[in-house]
Number of protein chains: 2
Amino acid sequence: MGNGAALLAIGDEMLSGIRSDTNCSWLASRLHGAGVPVRGIQVIPDNEEAILETVAGWVGKVEFLVLSGGLGPTHDDRTRFALARFLHVPLRADDQTYDRIVARYEEPLRSRVEAARSTQALIPDGARGLLNPQGSALGIASSAKGTDVFSFPGVPWEFRAMAEAHFLPRIERRGTWKQVVVAGWPESLLAEKLADLLLKRTLHVSILPSAGLVTLVFRGEAEEVESAVLRVRKELPDDCLEDGETDLPPAIVTRAAREGISLACAESCTGGLVGAAITDVPGASRVFQGTAVCYSNEAKANLLGVKRRTLEAHGAVSGECALEMADGARRVFGADLSVAVTGIAGPEGGTEAKPVGTVWFAVSGPSSRKAFKRNLAGDRAHIRRWATAIALETLWRTLKEG
Amino acid sequence: MGNGAALLAIGDEMLSGIRSDTNCSWLASRLHGAGVPVRGIQVIPDNEEAILETVAGWVGKVEFLVLSGGLGPTHDDRTRFALARFLHVPLRADDQTYDRIVARYEEPLRSRVEAARSTQALIPDGARGLLNPQGSALGIASSAKGTDVFSFPGVPWEFRAMAEAHFLPRIERRGTWKQVVVAGWPESLLAEKLADLLLKRTLHVSILPSAGLVTLVFRGEAEEVESAVLRVRKELPDDCLEDGETDLPPAIVTRAAREGISLACAESCTGGLVGAAITDVPGASRVFQGTAVCYSNEAKANLLGVKRRTLEAHGAVSGECALEMADGARRVFGADLSVAVTGIAGPEGGTEAKPVGTVWFAVSGPSSRKAFKRNLAGDRAHIRRWATAIALETLWRTLKEG
């Protein structure tokens with residue numbers, strides 16, 4: 001049939017921003033991978049009327065409706081009651097399935113789970129109780145107007161285990177998607193360059209920009225998706241991350257490890273963000289020696305050996321200083337390749353000659369030593385984020401060039 | 001009036017699970033803190049009909065409707081078109097606001113931003129264009145049937161900057177609410193200690209935990225709110241941030257600047273996150289000298305002067321090493337006070353004696369020199385986040401103690 005799926009997360013804690021829903025986005029990704037488009041994700045309160053109304057809004061419009069949460073034993077667990085009202089049927093206890101759950105527990109938990117039977121075993125008459133492999137609340141499968149409605153508990157591992165056990169296996173593979181990540185292109189320029197691809201009626205393209213990267217996601221027939229990815233890689237041979245890579249830091253760590261190259265950084269305005277990004281990658285310690293964040297001129301001179309003369313003649317925000325910082329990081333950390341960043345993140349510290357947003361970058365390695373400047377727009381956080389992205393891109397490109 | 005808010009995130013990438021929405025849950029938390037209940041969060045596709053239908057479903061039912069995404073220049077940016085159709089008005093160019101955006105860019109980007117004017121400057125006739133402080137897409141403010149409708153770009157930092165500039169100030173100004181931020185208390189223990197306050201029927205309390213901090217937001221009659229804040233401050237005299245402070249890094253920079261104390265750090269497992277957090281504060285350069293991120297043992301010895309003997313006898317994850325790192329940071333950066341962090345963030349590198357999550361901290365200053373250990377749970381990102389929070393808390397407490 002078709003018409004996709006809708007996913008509902010039930011819980012006041014998500015509407016007050018105390019928790020954010022992870023179940024629906026996880027399931028959306030799995031469904032998407034299996035070719036089932038997700039039409040909508042909704043977060044709704046622990047409230048029978050709201051659940052009832054939202055379920056009624058989707059049933060008959062989608063093939064699958066999946067509810068997360070509201071199946072526990074407490075007064076704010078209203079999902080089963082809302083479902084029974086929606087289906088116009090009474091609740092009944094699915095004792096057979098609940099017995100299997102109770103049997104899994106030992107005292108003292110067992111008697112608590114038994115005591116919760118009077119609510120947790122209840123399912124709408126005509127529905128099917130679903131065994132929860134990890135917790136004590138039953139899941140519920142029902143259907144109405146051509147929509148299969150699944151309700152799973154909201155505890156993330158229970159939700160996932162139940163979706164894996166009772167829902168995902170029956171979804172057949174119906175389509176395909178692939179993504180390619182491009183570095184160093186503003187979204188608008190990239191969209192222009194690939195305009196004909198983006199306008200193809202038989203291909204669905206999502207463009208996802210983040211600092212320094214644009215992710216292109218193609219969906220459609222397998223062959224067409226494949227040829228779109230090849231087209232992008234051919235058009236931008238120097239700018240695409242490798243297949244399966246989605247961000248620069250893991251790409252940097254993987255390539256450096258493969259080639260036995262050790263890395264270091266010298267940072268000023270980014271304040272440690274470059275090092276933090278690289279060390280976010282598990283196993284970064286195989287290649288990453290460290291980063292010297294030298295905010296003051298004294299630190300640049302003392303730690304990294306930037307010459308006083310350089311600081312006096314050119315200032316800390318200069319190509320000369322960036323190069324000496326990069327050289328210094330390579331030397332003091334004993335690293336093969338280093339990148340340096342020094343700039344003015346603002347809001348203060350700008351001058352006419354060097355306004356806020358002026359950032360110098362340098363690399364120092366066995367076959368490459370150079371500096372370049374960028375003028376970045378935006379506020380302090382934005383400038384720091386982009387300076388970090390550019391430093392990472394520089395490291396990545398230098399590693400690629402070998 | 002009342003009736004709260006509804007938040008819509010627009011974008012196929014969230015329905016396909018490639019990204020998950022963070023804008024709505026962030027805004028939900030801010031609105032909740034300001035006393036505006038969120039009635040629903042919905043993720044909907046890049047599709048004019050879906051946007052139109054969803055907007056129509058909320059307008060007239062809530063006081064505020066906030067849309068995230070779909071305002072860029074590409075073919076899948078449909079929000080402005082859907083809004084115009086919903087309002088039954090044509091689109092017009094807000095050239096005045098767009099001029100201010102174009103003026104911020106330099107070539108070659110400037111001409112691209114100019115070229116995007118034909119879509120990005122368009123707003124529904126009668127609506128208000130909102131200046132985007134970080135990107136090139138305009139935001140849109142309109143209203144219908146008593147609902148104020150705000151549309152902001154979906155790029156997270158643009159969304160947040162625009163909500164802070166154009167929406168939140170008018171919400172947070174009204175009503176009586178006050179917050180107090182508590183450091184170093186787990187949410188559950190704090191809730192227990194303040195149980196009677198939390199149960200008061202005439203006071204609405206939100207508890208918003210983040211790494212290392214819990215923000216308590218009180219809403220109600222002015223007098224009662226005031227007395228609740230005083231009660232918390234009296235009960236936890238050493239653990240509350242000062243009035244108006246909402247996070248540790250600004251509190252650290254303010255206090256250090258006031259007392260003329262310069263700061264430095266030495267980091268291992270946090271990889272630069274402590275330095276990045278402190279330098280996130282505008283004006284941090286008044287007090288912050290730098291951070292030496294020494295991932296390898298060689299770097300710890302060479303840069304910070306940690307003794308080879310210490311590394312051999314106790315290992316890099318030890319109180320002895322942490323103390324020598326802190327001493328070294330103080331010395332090489334010429335700082336008055338320093339904090340050091342060294343630990344095992346995982347997933348690899350743990351041993352039976354020092355499992356993943358073992359983190360040592362040390363401070364070194366004129367009147368305080370000590371080390372302590374914490375065993376942190378969770379994955380790599382979680383351990384790094386908490387280690388950073390604890391390092392910042394340590395610096396803050398040491399500054400307070402003088």
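Which side chain meets B:Lys178 in a salt bridge? That of B:Glu226, at 3.1 Å, N to O. A salt bridge here is a side-chain nitrogen of Lys or Arg within 4 Å of a carboxyl oxygen of Asp or Glu. This pair links distant parts of the chain, with B:Lys178 in strand E9 (residues 177-183) of chain B and B:Glu226 in helix H12 (residues 222-235) of chain B, 48 residues apart. Helices (H or I, at least four residues) and strands (E, at least two) are DSSP runs, numbered from the N terminus. B:Lys178 counts as partly exposed because its relative accessibility is 24%, and B:Glu226 is partly exposed too, at 33%. The cut-offs are under 20% relative accessible area for buried, over 50% for exposed, and partly exposed in between, with a 1.4 Å probe and protein chains only.

Before I go on, some ground rules. This is a predicted model, in which local features need pLDDT of at least 70 and side-chain atom pairs count only at pLDDT 80 or more, while totals for chains, interfaces and linings use all residues. Residues are numbered from 1 along each chain as its sequence is written, chains are lettered from A and ligands numbered from 1 in the order in which they are written, and side-chain values use heavy atoms, leaving out hydrogens and water.

Staying with salt bridges, the whole structure has 42 of them over all chains. In chain B, the side chains of B:Arg78 and B:Glu48 meet at 2.7 Å, N to O. B:Arg78 lies in the loop between E3 and helix H4 (79-87) of chain B, and B:Glu48 in helix H3 (residues 48-58) of chain B, so the pair ties together parts that are 30 residues apart in sequence. B:Arg78 is partly exposed, at 23% relative accessible area, whereas B:Glu48 is buried, at 16%. In chain A, a network of salt bridges links A:Glu48, A:Glu49, A:Arg78 and A:Arg85.

Another case sits within one helix. A:Glu259 and A:Arg255 form a salt bridge of 3.8 Å, N to O. Both are in helix H12 (residues 248-259) of chain A, four residues apart, or about one turn. In general, an α-helix has 3.6 residues a turn, so residues three or four places apart point the same way. A:Glu259 is partly exposed at 37%, while A:Arg255 is buried at 14%.

Now the interface. How many residues of chain A are in contact with chain B? The number is 77, against 65 residues of chain B, contact being heavy atoms within 4.5 Å. About 5,200 Å² is buried between the two chains, and carbon and sulfur atoms give 57% of that. Buried area is the accessible area (1.4 Å probe) that two parts lose on being put together, summed over both. There is one salt bridge between the chains, and it joins A:Glu192 to B:Arg112 at 2.5 Å, N to O.

E13 (residues 288-294) of chain A and E13 (residues 288-294) of chain B run antiparallel and are joined by five bridges. One of the pairings is A:Cys294 with B:Gly290. Strands are said to pair if DSSP finds at least two bridges between them.

Inside chain B, consider strand E8 (residues 147-152), where five of the six residues are buried. Strand E3 (residues 64-68) of chain B pairs with E8(B) in the parallel sense over five bridges, with B:Leu67 opposite B:Ser151. Strand E7 (residues 139-144) of chain B pairs with E8(B) in the antiparallel sense, also over five bridges, and B:Ser142 has B:Val149 as its partner. E7(B) and E8(B) make a hairpin with two residues between them, and B:Lys145 in the turn has a positive phi of about 50°.

Helix H2 (residues 23-33) of chain B is largely enclosed by the rest of the structure, because 10 of its 11 residues are buried. Among them are B:Trp26, B:Leu27 and B:His32. B:Gly35 follows H2(B), with a positive phi near 85°.

Is A:Thr310 buried or exposed? A:Thr310 is buried, because its relative accessibility is 7%. This residue belongs to helix H15 (residues 308-314) of chain A. A:Gln96, in helix H5 (residues 95-102) of chain A, is exposed at 68%.
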